[in-house]
Amino acid sequence: MRYLPLDEITEDMCLARPIFNGDGRVLLSNGVRLTKNYLARLKEMGYQNLYVYRAGEEINDFSTPVSDQTMRDAIYGVKDAFSKAAQRQHLNIKNVNEVIGYILDEILTNPTVLYNLMDLKNHDTYYYHHSVNVCIISTLIGKQLGLPRDKVKDLATGALLHDLGMVCVDPQILTKPRELTTEEMTAVREHTNYGFQLLRSEPNLSILVAHAAYQHHERMDGSGYPKGLVGDEIHLYGRIVAVADSYETMTSGRVYRKAIWSHEAIRQLKESAPEKYDPEVVEAMARSVASYPVGSVVVLNTHEEAVVVDVNAKKITIQFASGPRVNALLDLEPDSEIKIEERLS
Ligand SMILES: [Fe+2]
């Protein structure tokens with residue numbers, strides 16, 4: 001199984017991971033042969049990369065941070081929260097708590113889980129998928145930092161709803177398929193204030209949830225917004241969601257911006273600490289996400305090519321794609337002599 005850009009996918013390939021729409025429904029199931037028509041339609045809808053395999057190729061099961069069912073429930077939960085907020089109605093907090101409960105149950109009980117998926121999202125579902133991913137990454141970071149469950153719960157809820165204030169921003173700006181003007185950027189920045197107002201008016205949410213959303217664009221050196229807070233003036237949840245949000249944004253492409261690879265995003269975020277990000281949080285993030293996610297095509301120090309077929313905190317399982325061991329599986333542990341040298345796609 002590989003994670004390939006749409007242009008590199010050929011008609012002898014099948015979809016390896018289902019594509020969900022914003023309602024959490026399956027738009028296209030795994031196993032579907034990717035005909036020219038499907039590919040053209042997916043491209044039109046704004047998808048950039050897909051998990052694929054060649055027809056007949058065996059694909060291995062791999063671990064994901066949360067089950068597909070939880071992913072679907074969470075995406076639908078965010079969509080519902082966004083649509084309630086857009087109509088200035090109270091959120092369905094019971095539903096939000098339920099979704100967060102599933103995510104926490106799955107992540108906190110799994111000692112080796114990593115964020116290892118690049119998500120399949122398009123412009124219609126971008127914010128829902130993005131929100132759920134930022135929630136999963138923030139939960140993993142909170143777990144790495146040893147926070148107790150009740151604190152991770154508030155952190156995860158703030159992360160899930162961090163961009164809720166986007167419902168108050170002119171949708172025409174948000175769907176522009178290009179970089180924004182300074183004026184438009186100022187309007188988008190207001191989403192932190194709007195999000196804070198919306199969330200703090202929810203009687204059954206901790207005020208810290210509202211603060212996580214309020215502060216997720218603050219930066220350690222005071223260069224962030226909306227308040228230009230410095231260092232510890234930013235609440236820990238705000239510092240965590242900032243790192244999770246930046247990592248997720250960097251690794252997901254938009255129409256006007258190419259995605260960068262996970263190992264490169266980790267490197268850049270480490271470089272931006274401590275000026276922009278809390279270094280302890282960045283370290284915890286680096287231990288929470290896979291440098292080479294499932295589907296990455298890599299070159300080893302033996303000059304062989306391989307595909308990452310599974311990854312957790314203890315080992316990376318690769319399948320050789322060239323050389324005498326082609327198709328064989330191998331577990332790379334931190335002290336293995338074989339190492340990944342570079343990522344090809
Ligand atoms: Fe944001």
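Which strand order does the open sheet of 3 strands have, and is the pairing parallel or antiparallel? Let's start the tour there.

**Before you select anything**

This is a predicted model, in which local features need pLDDT of at least 70 and side-chain atom pairs count only at pLDDT 80 or more, while totals for chains, interfaces and linings use all residues. Residues are numbered from 1 along each chain as its sequence is written, and side-chain values use heavy atoms, with hydrogens and water left out.

**Stop 1**

Select residues 2-5, 13-15 and 49-54. The order of this open sheet is 1-5-2, and its pairing is antiparallel. Strands here are DSSP runs of E with at least two residues, helices are runs of H or I with at least four, and both are numbered from the N terminus. Two strands pair if DSSP finds at least two bridges between them.

Strand 1 (2-5) and strand 2 (13-15) are the edge strands, each with a single partner, so one side of each has no neighbour in the sheet. On average, neighbouring strands of this sheet are turned by 55 degrees against each other, direction ignored; the axes are lines fitted to C-alpha atoms, for helices over the stretch in contact, and angles run from 0 to 180 degrees between N-to-C directions.

Now zoom in on strand 2 and strand 5, which run antiparallel and are joined by 3 bridges. Show L15 and you will find its bridge partner in strand 5, V52. While you are here, click on C14: its relative accessibility is 5%, and it counts as buried (buried means under 20% relative accessible area, exposed over 50%, partly exposed in between, with a 1.4 Å probe and protein chains only).

**Stop 2: helix 4**

Next, select residues 126-144, which make up helix 4. Its 19 residues reach 27 Å from the first C-alpha to the last, close to the 27 Å expected at 1.5 Å a residue; the expected span is 1.5 Å times one less than the number of residues. Helix 4 is mostly covered, with 17 of its 19 residues buried. Step just past the helix to G146, where phi is positive at about 75 degrees.

**Stop 3: the iron ion**

Which residues are the protein donors of the iron ion? Select D163 (OD), H191 (NE2), H216 (NE2) and H217 (NE2), which lie 2.1 to 2.4 Å from the ion. Donors are N, O and S atoms within 2.8 Å of the metal (3.2 Å for Na, K and Ca), and water is not among the atoms, so sites may look incomplete.

The angles among the 4 donor atoms are 82 to 168 degrees, and the site is irregular. For four donors, tetrahedral requires all angles between 85 and 135 degrees; four count as square planar and six as octahedral if opposite donors are over 155 degrees apart and all others between 65 and 115; anything else is irregular.

Along the sequence, the donor spacing reads D-x27-H-x24-H-H. D163 sits in the loop between helix 5 (149-160) and helix 6 (171-174), and H216 in the loop between helix 9 (207-215) and helix 10 (236-251), so this pair ties together parts 53 residues apart in sequence. D163 is buried at 4% relative accessibility, and H216 is buried at 0%.

**Stop 4: two cis peptide bonds**

Most residues other than glycine have a negative phi, and most peptide bonds are trans. Go to the bond from Y225 to P226, which is cis with omega near 10 degrees; P226 is in the loop between helix 9 and helix 10. Then try A273 to P274, also cis, with omega near 5 degrees. P274 lies in the loop between helix 11 (262-271) and helix 12 (279-286).

**Stop 5**

Finish with the open sheet whose 5 strands follow the order 9-8-7-6-10, paired antiparallel. Strand 9 (329-332) and strand 10 (340-343) stand at its edges with a single partner each, so one side of each is left without a neighbour. The twist averages 40 degrees from one strand to the next.

Strand 7 (305-311) and strand 8 (316-320) pair over 5 bridges, and V311 has I316 as its bridge partner in strand 8.

Two loop residues deserve a click. H303, in the loop between strand 6 (297-300) and strand 7, has a positive phi near 75 degrees and is exposed at 67%. N327, in the loop between strand 8 and strand 9, has a positive phi of about 80 degrees and is exposed at 54%.
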